[in-house]
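My entries below follow the order in which I looked things up.

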Amino acid sequence: QVQLVESGGGLVQPGGSLRLSCAASGGILSINTMAWYRQAPGKQRELVAAITTGGSANYADSVKGRFTISRDNAKNTVYLQMNSLKPEDTAVYYCNAPVLTTQYKYLAVWGQGTLVTVSS
């Protein structure tokens, strides 16, 4: 069974940094664009950043210049380096990836989420 497992969330002070990781496992043939989303309390889930297999990335305007997405295709892992964090970055961060499985099925897979809290 394909799953995405996130790690790296936690409590950080404003201006601090965190690095999130998301590892995919379980019967994977290939993974297309991988992405990070976030959902703050009372708000809709929003796209934070996405990266193609070839390494092309795009970002939400609110995180440009502060967040960097990267991936290791050999490890089926995507990362999100978050610098200069602000209280408004507080949210549950979710990893997402469209996966072609060994059963030749396409699945849109979500991780369980990891909480990032930016507060003094």
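**Entry 1: fold.** What pattern does the chain follow when read along the sequence? I read β-β-β-β-β-β-β-β-β-β-β-β. My tally of elements is zero helices and twelve strands. For the record, helices (H or I, at least four residues) and strands (E, at least two) are DSSP runs numbered from the N terminus.

**Entry 2: ground rules.** I am working with a predicted model, where local features need pLDDT of at least 70, side-chain atom pairs count only at pLDDT 80 or more, and totals for chains, interfaces and linings use all residues. Residues are numbered from 1 along each chain as its sequence is written, and side-chain values use heavy atoms, with hydrogens and water left out.

**Entry 3: overall dimensions.** I looked up the radius of gyration, taken over C-alpha atoms, with a globule rule of 2.2 Å times the number of residues to the power 0.38. For 120 residues a compact globule would come out near 14 Å, and the chain agrees because its value is 14 Å. The C-alpha trace spans about 45 × 25 × 20 Å along its principal axes.

**Entry 4: surface and contacts.** I noted an accessible surface of about 6,400 Å² for the chain, with 48% of it belonging to carbon and sulfur atoms. These areas come from the Shrake-Rupley method with a 1.4 Å probe, and for residues only the protein chains shown count as cover. Of the 120 residues, 41% count as buried (buried is under 20% relative accessible area, exposed over 50%, partly exposed in between, with a 1.4 Å probe and protein chains only). A contact means heavy atoms within 4.5 Å. Among contacts with a separation of 6 or more, 55% come from residues 24 or more positions apart.

**Entry 5: the core.** Which residues have the most contacts inside the largest nonpolar core? I found W36, V48, F67, V78, L80, M82 and Y93, in a core of 31 residues. The elements giving two or more residues to this core include strand 3 (18-25), strand 6 (46-51) and strand 9 (77-82). Strand 10 gives the most, with five residues. Such a core is a set of buried Ala, Val, Leu, Ile, Met, Phe, Trp, Tyr and Cys residues joined through side-chain atoms within 4.5 Å.

**Entry 6: L29 and Y104.** I located L29 in strand 4, and it is partly exposed at 44% relative accessibility. Leaving aside neighbours within four places in sequence, L29 is in contact with L100, T101, T102 and Y104. L29 and T102 are 73 residues apart in sequence, yet 5.4 Å apart from C-alpha to C-alpha. I then followed Y104 to the loop between strand 10 and strand 11 (106-110). Y104 counts as exposed at 65% relative accessibility, and its phi is near 60°, a positive value in a residue other than glycine.

**Entry 7: S84.** Where does S84 sit? I found S84 in the loop between strand 9 and strand 10. Its phi is near 50°, positive in a residue other than glycine, and S84 is partly exposed with a relative accessible area of 40%.

**Entry 8: S7.** I finished with S7, which lies in strand 1 (residues 3-7). S7 counts as partly exposed at 39% relative accessibility. Not counting residues up to four places away in sequence, S7 touches R19, L20, S21 and T114. The C-alpha atoms of S7 and S30 are 23 residues apart along the chain and separated by 22 Å.
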